[in-house]
Each structure stands twice: as C-alpha cells, then as structure tokens.
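Here's a quick tour of this structure, grouped by topic. Have a look at it first, then read on.

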Amino acid sequence: MRAIIVAIAISFSAPLVFAASDGVWLKRVPDQDRARINPYALDENAAAAGALLYKRNCASCHAADASGQGKRPSLRTTRVQHASDGELFWLLTNGNLGHGMPSWSRLPEDQRWQLTRYLHSLPLEETK
Amino acid sequence: MLRYLCAMWLGLGAILPISAQELPYFVTYSHHMEEPGSLEVESKIATGKPEDGNRFGGNAFELEYGTTAWWTSELYLEGQTTAHDSTVFTGYRIENRVRPLLREHWVNPVLYFEFEDINGANKSLLEVVGHDGNDDLTGSNSEARAEKKREAELKLILSSNWKGWNFSENIIAEKDLRHAPWEFGYTLGASRPLRLAGGVRSNAFALQNFAAGAEMYGGLGDKDSFGLHQTSHYFGPTFNWNIPGGPRITASPNFGLNDHSVARIYRFGVAYEIGQLSRYFKGGR
C-alpha cells in the first residue's frame with residue numbers, strides 16, 4: 001500500500017512551475033513564421049469565432065476577459081497586441097512549454113488563425 | 001468503492017468543466033498533452049464476446065492530470081464484469097508521458113512510462129501486446145484473478161499534424177517485472193475534425209465539435225518470438241463529440257483481423273475535463 005501511495009504522490013504532486021510571460025518567446029519565432037499572413041484577417045466573423053474558441057480553450061487560464069489571472073499573463077498587454085499575427089500563431093502552435101503555456105496544435109490551423117484574429121481585437125489593458 | 005467513485009465524479013463535475021478538442025482515440029496516444037493544472041476524468045469501456053467465452057465489459061476509470069505543459073500523469077483504476085460470472089476489480093496503472101522536444105515538428109516524439117499492478121482478469125484492453133488474443137479473455141474470473149501481473153510498459157509515441165489531420169504511431173514494449181520476456185505491440189491512429197474552422201455561434205452540434213478517424217492495433221510477439229505469428233490485430237473507425245462546456249463522448253467498433261482476435265470489440269468513452277484544478281488547492285479562486 002505504501003508503494004502505491006508513494007507512486008501516486010510522485011505522479012500527482014510534482015511542482016507546478018508557471019513563470020510569468022516575459023516575452024522571450026518572441027525572440028524564438030523564426031522569420032518566416034513571423035511574416036505569415038492571417039488568412040482570416042479580412043474575415044469579419046473570424047473574431048467572433050475566435051472569441052468562442054478563446055472561451056472554450058483559453059479562458060480558464062487567462063480569464064474570461066483575457067486580463068490574466070494568477071501567474072497566467074494578460075493577453076491585453078502592449079507586447080501581445082503589438083505581436084504580429086504570425087508571432088501569435090506560432091505561440092499558439094508551439095506553446096511555451098517550459099513556462100506553462102501548452103501547445104494548441106491540436107486545434108486545426110483555421111481555428112488558431114481565428115484565435116489570433118480575436119486576440120488582436122482585444123482592447124489594450126489600462127496601465128496599472 | 002463504486003459509491004466512492006460516483007461521489008468523486010459528481011463532486012469534480014461541479015467545479016469547472018472545460019472541453020478542449022481532443023482526438024478520438026482509445027488505445028493510441030498522440031503528442032498532445034493535458035493542459036497544465038487541468039484534470040480529465042474519463043471512463044473507457046470495452047465490451048465483446050470472445051469465441052467460447054462469455055460477453056464481458058471492461059472499464060478503465062482514468063484520471064489524467066497536466067503536471068506541466070510537457071508532462072502528463074495518469075492513474076487508471078480498472079474492473080470488469082463478465083456475463084454468467086462476476087464483477088471484479090482488476091488493478092491499477094500509473095503512467096507518465098513527457099515531451100522531450102519543446103516545439104512542434106513534423107514528427108513529435110513523446111516518451112511514455114507506465115507501472116501496472118493488474119491481474120489476469122483484466123479486460124480493459126488498453127493495449128494488445130505479445131500474443132494477447134481471444135483465449136486470454138475466456139477463463140473464469142476466479143481463476144484469472146489469481147494471476148498477478150506487475151508490469152512495466154514503455155511506449156514511443158510519434159505524432160504529426162497535417163492539414164487538420166493527426167497521424168499517431170505508438171510502439172509498445174511491456175515486461176512482467178518478475179519473469180517473462182519483453183512483449184511488443186503497436187497502435188496506429190488517424191483522425192480529423194469534421195470541420196476545421198470554428199463557427200460564430202455556440203452550437204453543440206456544430207461539425208467542428210465532431211471528429212472521426214480510425215485506429216489499428218495489435219501484438220508483435222515477444223523477445224523470443226518477435227513477429228506476427230499467433231498475434232491478434234484490430235481495426236475500426238472511431239468517432240467523438242466534444243460537447244462545448246460538457247463531456248466528450250467517444251465510440252468505436254473494433255473488428256478482429258484474424259482468428260486469434262476477438263471478432264468484435266465495442267468501445268465507449270465519456271470524459272469530463274476540469275480546468276485549472278490546481279488553483280482550488282492554492283486558494284486562488
């Protein structure tokens with residue numbers, strides 16, 4: 001029984017390390033990805049579709065209004081809002097695994113572009 | 001035990017369900033990990049009727065936790081019911097999956113480590129290795145339970161995404177820790193959502209919430225007799241429905257491909273994902 005408890009404890013109580021977003025990921029984006037054009041950039045419905053995808057996949061970490069919560073960063077910062085579509089798409093695809101941001105490559109490309117469109121439609125947060 | 005599990009299920013469901021899109025696989029793993037801090041509770045049922053045996057229903061109750069963005073841990077509690085026989089608890093498994101590469105590639109590897117403490121009556125069929133086949137599912141529960149299996153299982157998971165499709169291949173090596181040679185197996189999976197783009201209205205029946213694919217899996221013999229001789233193999237279509245804000249429902253009929261296999265196995269799964277469970281233990285909400 002003791003062996004069972006120890007094994008479960010090892011598996012489930014590993015430290016959760018979530019570093020705040022420091023923007024270092026931006027430097028890792030390859031130039032060709034940085035320059036990618038959002039195929040949904042001119043699609044007026046894309047932001048609405050992206051909002052639903054955000055609510056379903058992202059809101060539990062980054063808050064319903066994308067203002068961040070706990071150590072999960074706000075997505076309404078200047079850094080995120082000034083990132084190119086290609087940079088945000090790259091982040092959604094690859095995540096930032098060492099810092100707690102999962103890869104969302106399980107979502108089809110179209111949905112990641114719709115999410116990108118939604119993120120860029122968010123208002124900038126007020127300076128605190 | 002059953003009452004405890006039901007209470008736990010209901011309690012967890014009252015917290016905060018989320019429902020990220022998941023792939024419609026029962027035995028195949030892809031490189032997609034559980035979101036860090038989130039817990040997925042899933043019940044996987046496999047039912048079939050082996051030749052010269054009674055119909056059975058094997059259940060694997062699974063708790064999957066995103067330890068970090070690159071590390072997922074799971075606990076399985078398993079049991080089965082066999083017609084004209086009995087219902088028995090058949091053991092537990094603890095597994096960990098880690099992604100060694102932190103970016104997406106054409107082929108994404110994941111390393112899988114599992115410890116199993118199960119008995120011979122286990123019929124959850126989470127994998128097929130070695131010479132597993134129809135005859136392993138025909139004995140009585142009282143006799144089969146006497147066979148204790150403490151096993152280590154290793155998998156190399158390879159997975160790729162391409163134009164909305166996911167292609168996953170798993171190579172399995174399993175060994176009883178006390179005796180018996182290494183046994184080998186494989187699984188292959190391919191799947192795709194029925195629609196790639198998201199809709200502008202929240203609709204549980206939108207095509208983007210459905211995914212379809214196929215799985216094939218089977219044994220590859222053991223260290224002393226590697227190959228396809230006297231091994232069983234299965235193939236079947238697989239479907240799932242990711243209900244927004246609700247459970248994920250998965251189903252798959254599997255068809256045995258040779259005389260060593262059970263003719264048909266029907267698989268059903270219900271999963272519920274609880275977002276950011278860790279926060280409740282930190283008093284952050």
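Keep in mind that this is a predicted model. Between chain A and chain B, there are eleven residue pairs in polar contact, with both partners at pLDDT 80 or more. On chain A's side, five helices each put in at least two residues: H1 (2-12), H4 (46-57), H5 (59-62), H7 (85-94) and H8 (109-119). H1(A) is the top contributor there, with six residues.

**The A–B interface**

- Sorting the chain A residues that touch chain B by type gives 21 nonpolar, 13 polar and five charged.
- In terms of contacts, 39 residues of chain A meet 48 residues of chain B.
- About 3,500 Å² of area is buried between chain A and chain B, and 58% of that comes from carbon and sulfur atoms.
- Two salt bridges are counted between chain A and chain B.
- A salt bridge joins the side chains of A:Arg106 and B:Glu35, at 3.3 Å from N to O.

**Helix packing in chain A**

- By type, the residues of the H4(A)–H8(A) contact come out as nine nonpolar, three polar and one charged.

**Salt bridges overall**

- Over all chains, the count comes to 20 salt bridges.
- Within chain B, B:Glu74 and B:Arg97 form a salt bridge, with their closest N and O atoms 2.8 Å apart.
- B:Arg97 sits in strand E5 (residues 87-98) of chain B and B:Glu74 in strand E4 (residues 71-82), so this pair ties together parts that are 23 residues apart in sequence.

**A look at B:Glu183**

- B:Glu183 lies in strand E9 (residues 183-193) of chain B.
- Which residues does B:Glu183 contact, leaving aside its neighbours within four places in sequence? They are B:Val129, B:Gly130, B:His131, B:Ile172, B:Ala173, B:Glu174, B:Gly221 and B:Asp222.
- From B:Glu183 to B:Pro109, 74 residues away along the chain, the C-alpha separation is 21 Å.

Note on methods:
Residues numbered from 1 in each chain as written. Chains lettered and ligands numbered in written order. Predicted model: local features only at pLDDT ≥ 70, side-chain atom pairs only at ≥ 80, totals over all residues. Heavy atoms only, no water. Contact = heavy atoms within 4.5 Å. Buried area = accessible area lost by both parts, 1.4 Å probe. Salt bridge = Lys/Arg side-chain N within 4 Å of Asp/Glu carboxyl O. Polar contact = N/O pair within 3.5 Å; in protein donor to acceptor, adjacent residues only side chain to side chain. Helix = DSSP H or I, 4+ residues; strand = E, 2+ residues; numbered from the N terminus. Nonpolar A, V, L, I, M, F, W, Y, C, P; charged D, E, K, R; others polar.
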